[in-house]
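Welcome! Here is a short briefing to read alongside the sequence and the 3D view.

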Amino acid sequence: MATEPSYPKQSFAQITGTTAVAAFQAARPRHWIMNPASEDFGWDFLVNIPEGGQVRDLSFFVQVKGSEKPRYINNDEAISLQLELSTLNFLLGTGAPSMIVLCDTGNTSLPVFWVWVKAAVKEIQSLNPNWQTQDTVAVHIPTANRLTGSSNDEIERYVKETNTVKAIE
């Protein structure tokens with residue numbers, strides 16, 4: 001009896017990651033210009049937001065994560081996500097707004113939640129002033145921040161305000 005040849009296998013983590021990215025791309029506005037990273041070093045997309053049909057310096061970084069069983073906390077008001085400190089440090093240092101996105105891939109509706117890195121770090125700092133000494137940190141992503149049409153407007157406003165402040169400085 002002949003044995004079957006061996007072929008590469010797709011891991012569960014790969015399926016989860018691919019599903020999370022697809023859910024993020026499906027939930028985002030069509031006019032956002034998605035520039036994927038060619039290598040995964042702490043960010044998955046650099047998103048440009050055109051304004052009045054013009055592509056200007058209105059951009060932000062996105063790190064997309066997926067979880068089949070995310071850890072909901074505080075009566076489901078947030079999701080706790082363990083993130084490598086090096087990734088958080090990279091996103092803090094980009095000079096552009098940076099967002100962490102989490103897709104609950106165990107939920108058939110594939111909800112996508114988000115948090116700005118600066119807001120997440122402010123909360124981490126208040127809970128644990130020594131967080132920079134750790135290898136990983138718990139980032140809390142509010143479930144109220146679900147990627148939808150209304151939150152997209154909020155995201156765009158934040159990016160515009162951040163870039164306006166940067167231009168003044």
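Let us begin with Ser 151, which is found in helix H4 (residues 149-168); helices (H or I, at least four residues) and strands (E, at least two) are DSSP runs, numbered from the N terminus. This is a predicted model, in which local features need pLDDT of at least 70 and side-chain atom pairs count only at pLDDT 80 or more, while totals for chains, interfaces and linings use all residues. Residues are numbered from 1 along each chain as its sequence is written, and side-chain values use heavy atoms, with hydrogens and water left out.

**Around Ser 151**
- Ser 151 has 5% relative accessibility and counts as buried (under 20% relative accessible area, with exposed over 50% and partly exposed in between; 1.4 Å probe, protein chains only).
- The side chain of Ser 151 reaches the backbone oxygen of Arg 146 at 2.8 Å.
- Leaving aside residues up to four places away in sequence, Ser 151 touches Trp 114 and Arg 146, where contact means heavy atoms within 4.5 Å.

**Aromatic residues**
- The structure holds seven aromatic pairs; rings of Phe, Tyr and Trp (its six-membered ring) pair if their centres lie within 6.5 Å, and planes under 30 degrees apart count as stacked, over 60 as edge-to-face and the rest as tilted.
- Phe 60 and Trp 116 form an edge-to-face pair, at 5.6 Å centre to centre and 75° between the planes.
- Phe 60 lies in strand E3 (residues 59-67) and Trp 116 in strand E7 (residues 112-116), so this pair ties together parts that are 56 residues apart in sequence.
- Phe 60 counts as buried at 0% relative accessibility, and Trp 116 counts as buried at 8%.
- Trp 114 and Trp 116 have ring centres 6.0 Å apart and planes at 70°, so they too form an edge-to-face pair.
- Trp 32, Phe 60, Trp 114, Trp 116 and Tyr 158 form one aromatic cluster.

**The sheet and a helix across it**
- Five strands form an open sheet with mixed pairing, in the order E1-E2-E3-E6-E7; two strands pair if DSSP finds at least two bridges between them.
- Strand E1 (33-36) and E7 are the edge strands, each pairing on one side only.
- Strand E2 (residues 45-48) pairs with E3 in the antiparallel sense over four bridges, and Leu 46 stands opposite Phe 61 in E3.
- Helix H3 (residues 117-127) lies across strand E6 (98-104) and E7, running at about 70° to E7; axes are lines fitted to C-alpha atoms, for helices over the stretch in contact, and angles run from 0 to 180 degrees between N-to-C directions.

Definitions and conventions: Polar contact = N/O pair within 3.5 Å; in protein donor to acceptor, adjacent residues only side chain to side chain.
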